[in-house]
Amino acid sequence: MVLASCNLTKISYGLAFLLLLFPAFSFAASTARIAIVIDDIGYRKSDAAAIKLDGNFTYSIVPFAPLTRKFAHAAHANNKEVMAHIPMEASRNNHLLGKGAITTNMSKDQLVRQLKLAISNVPFAQGINNHMGSKFTTQPQPVHWVMEQLAQSNLYFLDSKTSANSVGESVALKFGLQTGHRHIFLDNELDQLSLERQFDRLIRIAQKHHNAIAIAHPHPETIAFLSTIQSKLNQLGIELVPLSEILPYTTKVARAKRLAPAAQSQNPYQSAALAK
Ligand SMILES: [Zn+2]
């Protein structure tokens, strides 16, 4: 008995010592984090309500829109992370692309010039994600030119995953970028029940894998919903963080997956990502 309790004491001292050595590790392992990127910002005055939301939301702002610069400055002044939401050629509805779009018929020079102009139109952008892009992101050559440029400018790439065949993330990895893809579109349906269902899916992914990324849009219904999530996140001990804090983790996961293609079926995000 004495021996047993002595061993127990040794074990608990050992555990305490380990926690002392690795407090950050024990914390990180138990904390789930989500990033919510609100994109398509810049067209409507009402987008201001999205910028005013409390919490670490990330804002992806459309270049050359009437309110691009105003909202980029407002978000930055509110200590929010800013991204450039770059229009890329889609398989259809390309009349909706807007100014600054990059397309698969451009030469490298044209594409890089257009991309640089679009990014520089969004002050404070730390990275980009694709607006539309269901065709563009499946074409290795132009995607390669995009990632080369992002690497030179030290910007990250979030794949909006508008096509299941996107090569964005894998080409971004080749250029050493911080990268990841959205796991959930939060507001494809705007009724309360659908918003809750998608948010719960996001939470479940974060609880299982510690990190999860959602894309949302500045619809009044979405903004009203997002203004209510903080208490639930507090209850569950989940942290809402800027996208750039999640990307080191998703980059590591994507790199490991690339090095071990046989483990692809184990990809924690596959079912969620392709469900859209
Ligand atoms: Zn968009």
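This is a predicted model: local features need pLDDT of at least 70, side-chain atom pairs count only at pLDDT 80 or more; totals for chains, interfaces and linings use all residues.
Two strands are taken to pair if DSSP finds at least two bridges between them.

The secondary structure of the protein chain comprises twelve helices and nine strands. Of its 276 residues, 40% are buried. Among contacts with a separation of 6 or more, 70% are between residues 24 or more positions apart.

Strand 1 spans residues 32–41 and is mostly covered, with eight of its ten residues buried. With strand 8 (residues 211–216), strand 1 pairs in the parallel sense over six bridges, and Ala35 has Ile213 of strand 8 as its bridge partner. Strand 9 (residues 238–240) also runs parallel to strand 1 and is joined to it by three bridges; here Arg33 stands opposite Glu239. Strand 2 (residues 58–61) is likewise parallel to strand 1, again with three bridges. In this last pairing, the bridge partner of Ile41 is Ile61 of strand 2.

Strand 2 continues the series of pairings. Four bridges join strand 2 to strand 3, and the two run parallel. Within this pairing, Ser60 stands opposite Met83 of strand 3. In a regular strand the side chains alternate between the two faces of the sheet. In strand 2, Thr58 and Ser60 point one way, whereas Tyr59 and Ile61 point the other way, and all are buried.

Strand 3 (residues 81–88) pairs in turn with strand 4, in the parallel sense and over six bridges. His85 stands opposite Asn129 in strand 4. Strand 4 covers residues 125–132, and seven of its eight residues are buried, so this strand is largely enclosed by the rest of the structure.

Helix 5 contributes Lys108, Leu111, Val112, Leu115 and Lys116 to the contact, and helix 6 contributes Pro142, Trp145, Val146 and Gln149. By class, this contact of helix 5 with helix 6 has six nonpolar residues, one polar residue and two charged residues.

Helix 5 also holds Arg113. With 14 other C-beta atoms within 10 Å, Arg113 is partly exposed, since a residue counts as buried at 20 or more such atoms and as exposed at 12 or fewer. Arg113 and Ile102 are eleven residues apart along the chain, and their C-alpha atoms are separated by 9.7 Å.

Ser244 is located in helix 11 (residues 243–259). This residue is partly exposed, having 16 other C-beta atoms within 10 Å. When neighbours within four places in sequence are left aside, Ser244 is in contact with Glu81, Gln126 and Tyr156. Ser244 and Thr179 are separated by 65 residues in sequence, while their C-alpha atoms are 9.1 Å apart in space.

Backbone geometry was also considered. Most residues other than glycine have a negative phi. Phe64, which is not a glycine, has a positive phi of about 60°. Phe64 lies in the loop between strand 2 and helix 4 (68–77) and is partly exposed, with 16 other C-beta atoms within 10 Å. Asn154 likewise has a positive phi, near 60°, in a residue other than glycine. The loop that holds Asn154 runs between helix 6 and strand 5 (156–159). Asn154 is exposed, with 10 other C-beta atoms within 10 Å.

Technical notes: Residues are numbered from 1 along each chain as its sequence is written. Two residues are in contact if their C-beta atoms, placed from the backbone, lie within 7 Å. Ala, Val, Leu, Ile, Met, Phe, Trp, Tyr, Cys and Pro count as nonpolar, Asp, Glu, Lys and Arg as charged, and the others, Gly among them, as polar.
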